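Trainee: I would like to learn how to read the contacts in a model like this one. Could we go through them slowly, one feature at a time?

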4 protein chains.
Amino acid sequence: MKKISFKDDYSEGAHPEILKTLSKTNLIQTIGYGEDEFSEKAKQLIKSKIGINNIDIHFVSGGTQANLIVISSLLKPHQSVIAVNTAHIEVHEAGAIEATGHKINTIETEDGKLTSGLIQEVVDYHTDEHMVKPKMVFISNSTEIGTVYTKKELTKLSEICKKNNLYLYIDGARSASALSSEKNDLTLKGISELTDIFYIGGTKNGALLGEAIVISNEKLKEDFRFYLKQKGALLAKGRLLGIQFLTLFKNNLYFELAERANHSAQKIAQALKNKGYNFLSQPQTNQLFPILPNKLITELHKKYEFYVWKKINETKSVVRIICSWATKKEDVDAFISDLK
Amino acid sequence: MKKISFKDDYSEGAHPEILKTLSKTNLIQTIGYGEDEFSEKAKQLIKSKIGINNIDIHFVSGGTQANLIVISSLLKPHQSVIAVNTAHIEVHEAGAIEATGHKINTIETEDGKLTSGLIQEVVDYHTDEHMVKPKMVFISNSTEIGTVYTKKELTKLSEICKKNNLYLYIDGARSASALSSEKNDLTLKGISELTDIFYIGGTKNGALLGEAIVISNEKLKEDFRFYLKQKGALLAKGRLLGIQFLTLFKNNLYFELAERANHSAQKIAQALKNKGYNFLSQPQTNQLFPILPNKLITELHKKYEFYVWKKINETKSVVRIICSWATKKEDVDAFISDLK
Amino acid sequence: MKKISFKDDYSEGAHPEILKTLSKTNLIQTIGYGEDEFSEKAKQLIKSKIGINNIDIHFVSGGTQANLIVISSLLKPHQSVIAVNTAHIEVHEAGAIEATGHKINTIETEDGKLTSGLIQEVVDYHTDEHMVKPKMVFISNSTEIGTVYTKKELTKLSEICKKNNLYLYIDGARSASALSSEKNDLTLKGISELTDIFYIGGTKNGALLGEAIVISNEKLKEDFRFYLKQKGALLAKGRLLGIQFLTLFKNNLYFELAERANHSAQKIAQALKNKGYNFLSQPQTNQLFPILPNKLITELHKKYEFYVWKKINETKSVVRIICSWATKKEDVDAFISDLK
Amino acid sequence: MKKISFKDDYSEGAHPEILKTLSKTNLIQTIGYGEDEFSEKAKQLIKSKIGINNIDIHFVSGGTQANLIVISSLLKPHQSVIAVNTAHIEVHEAGAIEATGHKINTIETEDGKLTSGLIQEVVDYHTDEHMVKPKMVFISNSTEIGTVYTKKELTKLSEICKKNNLYLYIDGARSASALSSEKNDLTLKGISELTDIFYIGGTKNGALLGEAIVISNEKLKEDFRFYLKQKGALLAKGRLLGIQFLTLFKNNLYFELAERANHSAQKIAQALKNKGYNFLSQPQTNQLFPILPNKLITELHKKYEFYVWKKINETKSVVRIICSWATKKEDVDAFISDLK
């Protein structure tokens, strides 16, 4: 019997509505490379959802691609990017950022989040031309360990960045889940205003693939399509990305899917809390990091797939449980009832 | 009224069979990043179609991505790649190859094809460490101007590469059209045996996106997935690529689509010949480069979209006409009847 | 018996005055990395010789290092540099520019010089984000084949660059010889005003090593020392470069040495003309490219070292003859008397 | 009055014997780019001093240049280098390594030294293609904080590298001081046998500039001059480097100079110990890191130049005191007598 997967939020295909729209529009001829009518409409729609018109939007295929394009196109050769030690760009992108020539200045944190104090420390440490020059702050929202930034926290980051002439960039692979979290008080508009550039994640929230890079800082808009092309990110059939975002942002589907994912995860989180289990980080989104007895992990692994994140001691480990828009209610219930 | 496009072979979406299979498999859970069952099956299927088992296959999203990954992963920092002056990597990839650190040694040709003599000349010119060291030959089949390599020609290229210790790499964005050309006497197996690495194009032959990189040279197989990841090419939902190639290579659909495209183009080519028009290059595939009077071009442009490729003189220009698997018979007929 | 070398202008060590100054200052303690008093004085001296104070000067070790630092620090990832096909950066720097990520757009010329028309053509050809974006023009003065730019020619280049928003950069490895040519009507001040950045060559005019990068364009000055450091160009004992330029620019030694080199070369050129020999390019500086019978070349090679540049036909070839500040009068006379 | 500098070991010019030899050989004509007779002799001499003939030697201008060339030429794009968090390549090379495309995996240590256990941990952590692949271990001997590796320690590092298929590379900017330390039991031969590649530092031990890269691993020798050229490291007058190493390695001058530097430093170290001061790291070479009261630091700074390395608490700081071959006995004595 095939196991039920709580491994990630990209185990299934796309939301059916996306496939339906792809089929419906399939034989309409368009021009290529993202200049088609669907992509244009999708951009207009996202702008209107954000509530700001003076922004540029570009669609790319995935998160690592978004990150390496954004960072390499914005930084000069001697400039670096500041990130937490658990950041996706630092650990899980096979050196993609360094491959474009840039150092990542990493900061150790407990909860996966940066603070203005930590950023200032890194900036102050870099005093002369023998060292790189930090020029960008990279954060993820939600973070790699499922936590979210509040409006107050992001505002402080924005301020420290402005003060130090740093760009603020958010990796929003799971922006849907973050913005749908009960802890969230940010909006797309707020994010757009507080950052220079960020991306809205599609792949992990119902798309086959696709992330929407949003550029607010006027200086960063120029020639961005050159960077897309040069890094192999301009799809000949760019419509594939446009149509998906058009579908996701029509009728609020994008946030409905995230709410569904969060709801499933939070139901499991509550069950785990009820059983007295602790968490590596606060369960705020569709990613949970409970600390479980190894025995229970072994037992659960017979029916469910999920990652063991980190060993705590000889008897306990942190595991990662992820729910998606496609997670079935009966699978959640089964998992909960299998907790001992 | 919307014009009929002969601009390219990626104006429409995917072959309907692909969309159907995507829908059918949509909610099946798989692991991510191209290690899913569909991708595995697709690789097996392609291997069996090629008729060689000892090859590695990797799916990526597009041609520029394929080219930059292949070239940057195979070459050491001081090594260069030889290509014709009209090569896609030289002209139309926004410096993607140089951005990974490598020079392209370009050679002027009339028909878009390299010969062993031209290659040897470049190799002989590079004699010491003050110059780059050519290490790879890049060709496209079909070429940028629609011509195809014969088995004899490719065999000679293969020999000169082996003699000079160069890798031979084929950009197969339009490999389907090339292999379905009436001038063709190559097979996937032959290509696989005569080259070190090549890719089978999907995007321009019925897929939403997707190219299949095929590695024959044992030395080039190691760690290839690292390069994919580092350049942002590992899709979280890698199944999207696997499912498409699975569909294309089941029941020969891949070659049927190319034959359809070629057939439409050749019908137009014949009509052009009948009218006495010449061509920039021999019309052998789904791309035509007829030389037309500017007056006729202006007239045709009222109903049809296509590129003006190059000015010949004050009264004539080369245009590019492309047909795809989705080109409608009535559009071909209309175009022909509009030729004067 | 050791042969007399006319191979290049870096066959000997430094002008004795340089070695003397190095010895005299040897045990004075200074701070490192080019911030020492000698380097500061040398910069002030060069500024006063140029007659412009509002410029930045940085010393590096060699021409390839200067070129790769200047180009990689000024260009964004998608931007390219325009150069003639015989340019040092295109042919003889082992792909140094591409290794920093940038394409060179090459232009074929007869006399090694660019013109505004040729530049405009390249700019006009690059129309969209599928291609690189030319942003810099690279020229050498004197050129790789010994010719020099006149003030009028450089002014036109400067204008076409300004019109197209391109940086103009001069590789001045042999700027001393160029500015001391009889054909020259440019000054360091003129060059400084007409370009954004250029370098004054030391290695090929009496220094052990060392080139002085001069930045006029305000926008290009920021953080330049970071680029020096990152590319390994900041010498711990930066004084070595400062002391040499201080010596060269005191009492006009720099131009005296070049005049001496040019004089020796022109004496040979005149003798060659008298014998009726033609040249690949006009003999204007310390580099000569006469076309000689192969028989004579063989004869001369018994006593002299020099490069055979290019075969003309079965009986004739172009050779390269170079004189330096250290070329001995008796060697010049001997060479001339050995011409048949 | 000018202060006496204990800031570094590159405050003065070259050992007078070097300047003398440069003068003596100055007008001899040689071929360029390091293929001259002096460079050849210097390489032979170093080989004989090492006692191994089957090694390749290349001269470069400085440490950052050596590091970036070695690392970028040896690693494939997805491979990384392991180093301590205080490593020169991590902190003080302005991102030079990342600029060539490679990540540095850093490890925190107290004494600036790596151990096999720490290396194995990093290797074990990197399990799949989502992460970089560690392929090289970088150490400095002496380290950035003045400590030296013993033969036993280096042997263990060599073993763990071989076991994990990692290259072992030593930055020997201060190899002279390390090998002349009282704690040292390594020889150039031993280092050569236990590593794949290392460099022998000249700049910080009596040369104007110059480091000698020594390659033992057969696989790493190929095409190395291409890398030198591409990174701007091939000096036209390569003799400048050859002559210096020829002088340094004739009659053991190289080690005499280091002994002199170490002796001066150890005399100060003993005086500091006598006064009861502690050290950040054991004083083993020409670099000292004593912990001094801020008051004393202020007092000393009136007459002496040296860096404050790190604040310990409100009243104490670590300072860095460096002696060189040129440090005067009277300056050492004065400094000691000024300690309170």
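Trainee: In which hand, left or right, does H12(D) pass H14(D)?

Mentor: Before the answer, please note that this is a predicted model, in which local features need pLDDT of at least 70 and side-chain atom pairs count only at pLDDT 80 or more, while totals for chains, interfaces and linings use all residues. Residues are numbered from 1 along each chain as its sequence is written, and chains are lettered from A and ligands numbered from 1 in the order in which they are written. A crossing is left-handed if the near helix is turned anticlockwise from the far one by less than a right angle, and right-handed if clockwise; here, H12(D) passes H14(D) in a right-handed crossing. Helices (H or I, at least four residues) and strands (E, at least two) are DSSP runs, numbered from the N terminus.

Trainee: At what angle do the axes of helix H12 and helix H14 of chain D cross?

Mentor: Axes are lines fitted to C-alpha atoms, for helices over the stretch in contact, and angles run from 0 to 180 degrees between N-to-C directions. The axes of H12 (residues 253-274) and H14 (residues 329-338) of chain D come within 10 Å and cross at roughly 10°, which makes H12(D) roughly parallel to H14(D), a term for angles under 35 degrees.

Trainee: Which residues make the contact of H12(D) with H14(D)?

Mentor: Two residues are in contact if their C-beta atoms, placed from the backbone, lie within 7 Å. H12(D) contributes D:Ser264, D:Lys267, D:Ile268 and D:Ala271, and H14(D) contributes D:Val332, D:Phe335 and D:Ile336. By class, this contact has five nonpolar, one polar and one charged residues, where Ala, Val, Leu, Ile, Met, Phe, Trp, Tyr, Cys and Pro count as nonpolar, Asp, Glu, Lys and Arg as charged, and the others, Gly among them, as polar.

Trainee: How many residues of chain B are in contact with chain A?

Mentor: Contacts between chains are counted on each side, and 43 residues of chain B are in contact with 43 residues of chain A. H1(B) gives the largest share of the side of chain B that touches chain A, four residues, and that side has 18 nonpolar, 17 polar and eight charged residues.

Trainee: How far apart do the C-alpha centres of domain 1 and domain 2 of chain A lie?

Mentor: Domain bounds come from an automatic or database domain assignment, which for chain A gives domain 1 (4-10 + 253-338) and domain 2 (16-251). Their C-alpha centres lie 26 Å apart, and the contact takes 21 residues from domain 1 of chain A and 25 residues from domain 2 of chain A.

Notes: Parallel < 35°, antiparallel > 145°, perpendicular 65-115°, else oblique.
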